[in-house]
Amino acid sequence: MPQVKHFSASADPHDVLQYLKADGVVVIEGATTRQAIDAVLEELSPSVSSSPQTFGLAAKSSTFATHLLMNPLYIDLVKRILTNTCIIYYERERTVSTSEPQVSCTSVITANPGAEGWGPRRQDECHHVPHPAKRETDFGILYAATDITRENGAVRVAIGSNHWTDTRYPHEDEETLIELRKGDAILTLGSVYYGQAANTTTIPSTLLVAFATPGYRRQEENQYLAVPWEVAGKYPTAVQRFLGYAVSRPYGGSVEHMEPLDYLKVKGDWSKYIPVDLI
């Protein structure tokens, strides 16, 4: 079976991208620190231990939203893979509009002792993508919040399945099991089949997950309800933009034809807003 390529956290994004295009998935060793992982788990306690899956992670953990979600290598690759531009005419002026990527969903996946495996599945299912995809609609990072082994819930992937048609589904002998150490992360395209093996041990395993999608597509998880503006307003501007609180150029996602970031700044008081030309 083919093996997943491993990179360091300081790897050149260009090199990582070439393997993502070929295999659809890579592992980043030491993507974050154990201390950062522990901080996230502390903020989430006890919700993680009481449920096999916790949604709205970006709202429930500020450490995740401001640090793990904004991992420099991940953000660099998100922009390379999911940014889209188009040419429009504004009156008679020809201009280029750029749609920046946004968060699609964030969650915690816990395989408790005795948990059955799940998948494999493609993350881009909700975006109705025919395969092989002409353009990727989903790109994710999955952090190991615990050591993850073959016995307690290794991640199952079909390497290269980003090139498969919709008529092909992976057989068991086409799957590769990925083991991770706490702090490692998997980067995966949404067109890759992935899942999780069963946990046959007495030790739970936990993944901290985020997927992004182009700014002009619908988010899998409604970030404006999952991360209400009262919470988003406390985050740095870069995080707010990534969560979707920004216009997808030329004017997708505007509020009263205003930039959502400005809405956050005036805390919903329209009298304090000065209209601008979004294009």
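Predicted model: local features only at pLDDT ≥ 70, side-chain atom pairs only at ≥ 80, totals over all residues.
A residue counts as buried under 20% relative accessible area, as exposed over 50%, and as partly exposed in between. C86, at 32% relative accessibility, is therefore partly exposed.

**Cysteines**

- A disulfide is a covalent bond between the sulfur atoms of two cysteines. In this model the count of disulfides comes to zero.
- C105 takes part in no disulfide, and the nearest cysteine sulfur to it, which belongs to C126, is 7.6 Å away.
- Because its relative accessibility is 10%, C105 counts as buried, whereas C86, at 32%, counts as partly exposed.

**Salt bridges**

- Side chains of opposite charge can pair when their charged atoms come close. The count for this model comes to nine salt bridges, and three of them are described here, beginning with the one in which the side chains of R241 and E100 meet at 3.3 Å, N to O.
- R122 and D166 form another salt bridge, in which the closest N and O atoms are 3.5 Å apart.
- This pair also joins distant parts of the chain, with R122 in strand β7 (residues 118-122) and D166 in the loop between β9 (155-157) and β10 (176-178), 44 residues apart.
- In the salt bridge between E175 and R156, the closest N and O atoms are 2.7 Å apart.
- Because E175 lies in the loop between β9 and β10 and R156 lies in strand β9, the pair ties together parts of the chain that are 19 residues apart in sequence.
- E175 and R156 are both buried.

**Aromatic rings and charges over them**

- A pair of aromatic rings is described by the distance of the centres and the angle of the planes. The structure holds seven aromatic pairs, and in one of them the ring centres of W118 and Y194 are 5.5 Å apart with the planes at 80°, so the pair is edge-to-face.
- W118 and Y194 link distant parts of the chain, the former being in strand β7 and the latter in strand β12 (residues 193-196), 76 residues apart.
- W118 is partly exposed, with a relative accessible area of 25%, whereas Y194 is buried, with a relative accessible area of 5%.
- Together with F211, the residues W118 and Y194 form one aromatic cluster.
- Charged side chains also sit over rings, including K5, which lies over the face of F7 at 5.6 Å from the ring centre, and R168, which lies over the face of W164 at 3.7 Å from the ring centre.

**Nonpolar cores**

- The largest nonpolar core has 49 residues, of which F139, L187 and L208 touch the most other members.
- The largest share of this core, seven residues, comes from helix α6 (residues 72-82).
- Leaving aside residues up to four places away in sequence, the contacts of L187 include V16, L20, V25, V26, I28, Y74, L77, F139 and I141, and the glycines G24 and G140 are also among them.
- A second, separate core of 18 residues includes I109, I148, V157 and I178.

**Two individual residues**

- T32 is placed in the loop between β2 (25-29) and α2 (34-44), and its relative accessibility of 17% means that it counts as buried.
- When residues up to four places away in sequence are not counted, T32 touches I37, L68, Y143 and G183.
- Q3 is found in the segment before β1 (6-8) and is exposed, with a relative accessible area of 61%.
- Q3 and I159 are 156 residues apart in sequence, while in space they are 8.0 Å apart, C-alpha to C-alpha.

How values were computed. Residues numbered from 1 in each chain as written. Heavy atoms only, no water. Helix = DSSP H or I, 4+ residues; strand = E, 2+ residues; numbered from the N terminus. Buried < 20%, exposed > 50% of the residue type's maximum accessible area, 1.4 Å probe, protein only. Contact = heavy atoms within 4.5 Å. Salt bridge = Lys/Arg side-chain N within 4 Å of Asp/Glu carboxyl O. Phe/Tyr/Trp six-rings, centres within 6.5 Å; stacked < 30°, edge-to-face > 60°. Lys NZ or Arg CZ within 6 Å of the ring centre and 35° of its normal. Disulfide = S-S within 2.5 Å. Core = buried A, V, L, I, M, F, W, Y, C linked by side-chain atoms within 4.5 Å.
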